[in-house]
Amino acid sequence: MSDNVTDDVRGRAREAIHRSGLSQRQFATRLGIDPSKLSKSLTGTRRFTARELAGIADETGVTVNWLLNGQDDAETVSVAPRDSSAVRPPPANPDDHPGAAREHNRKLQIIEAAWTLIAEHGYHSVRVAQVAQACGTSSATVHYHFPTLNHLLVEALRHSVKQAFDRQVAGLHTIADPYERLLRLIELQLPGSDRLRLEWSIWLQVWTAAALDPGMRELHADSYLRWHETIARTLREGKESGVFGDLDVEEMTRRLTALIDGMGIQVITGMPGRSVEQMRSTLRSVIDRDVLGH
């Protein structure tokens, strides 16, 4: 990354933090890093890690794509969702709209609380009062932002899609080799952490909702096609550059996504003999044999 681009990233990070209405010290605490690290990254003596870029995007409502490239829908190795920001960030100058940052942060807090509760307990077990309690606010405030629980489920899905997009752009933008990028892309989806297992739980519930509710199908399809095309984009680049074999990109994308979904479900539902390590090994062997052609 050139110095000019790095300067732009720092400037946009400063802007996002300023919009949040939080001090640098408060924001560092939210990111879970020492304030001195944040200060060094913002002044140019240290670079942001991929995890920190994703954290800034998550805490402020911007996208990693905007932080890195200045546009939510900039062309990258990861395909941008149709609506890549679940909650738009507050105005650039919080002083002109003193309540905007507070309202923005409250809405993000409600979405995160609802996302966690739905992932941990199931959509049909969650009540608005529980979301309000988790946020330290009232049910009326939750209803003000999200009139029904279905609105919260929709935003929980958008939240998951945005997090996956941010994670992919942050983790993949420096990887030029299509093979290494494909392995990293899959690694970013493995249900190997508590956070990723919760994300998989959201997807399981959305799949169920889409099967039963036609109204959820378009949102689900838009979200899933983003994931499909992200894999296809890397496969296509690898084929054109000669890194991968002479494969059918669409067919291989369907195979890989189906395999990731099926094995992921087996892992998070506790199927005996299934593990993240086995999932990783199986996917890597398929890639080496059928994508590389070895």
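A reminder to myself: I am reading a predicted model.

Is Gln205 buried or exposed? Gln205 has 17% relative accessibility, and buried means under 20%, so I put this residue down as buried. Then I looked up what Gln205 touches, leaving out residues up to four places away in sequence. My list reads Ile118, Ala119, Gly122 and Tyr123.

**Aromatic rings**

Next I went looking for aromatic pairs, and the structure holds three. One of them joins Trp200 and Trp207. I noted 6.5 Å from centre to centre and 75° between the planes, which is an edge-to-face arrangement. Both Trp200 and Trp207 are buried.

Another pair is made by Trp203 and Trp207. Why are Trp203 and Trp207 separated by about one helical turn? Because they sit four residues apart in helix 11, which covers residues 194–212. Trp203 also goes down as buried, because its relative accessibility is 15%.

I then checked how these rings group. Trp200, Trp203, Trp207 and Tyr224 form one aromatic cluster.

**Helix 4 against helix 9**

New page, new topic: two packed helices are described by the angle between their axes and the distance between the axes. I looked up both values for helix 4 (residues 50–60) and helix 9 (residues 149–172). Their axes come within 8 Å and cross at roughly 150°. I recorded the crossing of helix 4 past helix 9 as right-handed.

Which residues of the two helices meet? From helix 4 I listed Ala50, Leu53, Ala54, Ala57 and Asp58. On the helix 9 side I have His159, Lys162, Gln163, Asp166, Ala170 and Gly171. Sorted by class, this contact has five nonpolar residues, three polar ones and three charged ones.

**Arg30**

I picked Arg30 next and found this residue in helix 2, which runs over residues 24–31. Arg30 counts as partly exposed, because its relative accessibility is 42%. Not counting residues up to four places away in sequence, Arg30 touches Leu22 and Glu59.

Last, I opened the UniProt record, an unreviewed entry, and compared its features with the model. The record places "domain: HTH cro/C1-type" at residues 21–67. In the model I found that span to be 68% helix and 0% strand, with its end C-alpha atoms 18 Å apart.

The record also has "domain: HTH tetR-type" at residues 104–164. For that span I wrote down 80% helix and 0% strand, and the end C-alpha atoms lie 21 Å apart.

Which residues does UniProt list for "DNA-binding region"? The record gives residues 127–146. In the model this stretch is 75% helix and 0% strand, and I noted 12 Å between its end C-alpha atoms.

How values were computed:
Residues are numbered from 1 along each chain as its sequence is written. This is a predicted model: local features need pLDDT of at least 70, side-chain atom pairs count only at pLDDT 80 or more; totals for chains, interfaces and linings use all residues. Side-chain values use heavy atoms; hydrogens and water are left out. Rings of Phe, Tyr and Trp (its six-membered ring) pair if their centres lie within 6.5 Å; planes under 30 degrees apart count as stacked, over 60 as edge-to-face and the rest as tilted. Buried means under 20% relative accessible area, exposed over 50%, partly exposed in between (1.4 Å probe, protein chains only). Axes are lines fitted to C-alpha atoms, for helices over the stretch in contact, and angles run from 0 to 180 degrees between N-to-C directions. A crossing is left-handed if the near helix is turned anticlockwise from the far one by less than a right angle, and right-handed if clockwise. Contact means heavy atoms within 4.5 Å. Ala, Val, Leu, Ile, Met, Phe, Trp, Tyr, Cys and Pro count as nonpolar, Asp, Glu, Lys and Arg as charged, and the others, Gly among them, as polar. UniProt positions are given in the numbering used here, feature names are shortened, and annotations may be inferred rather than shown by experiment.
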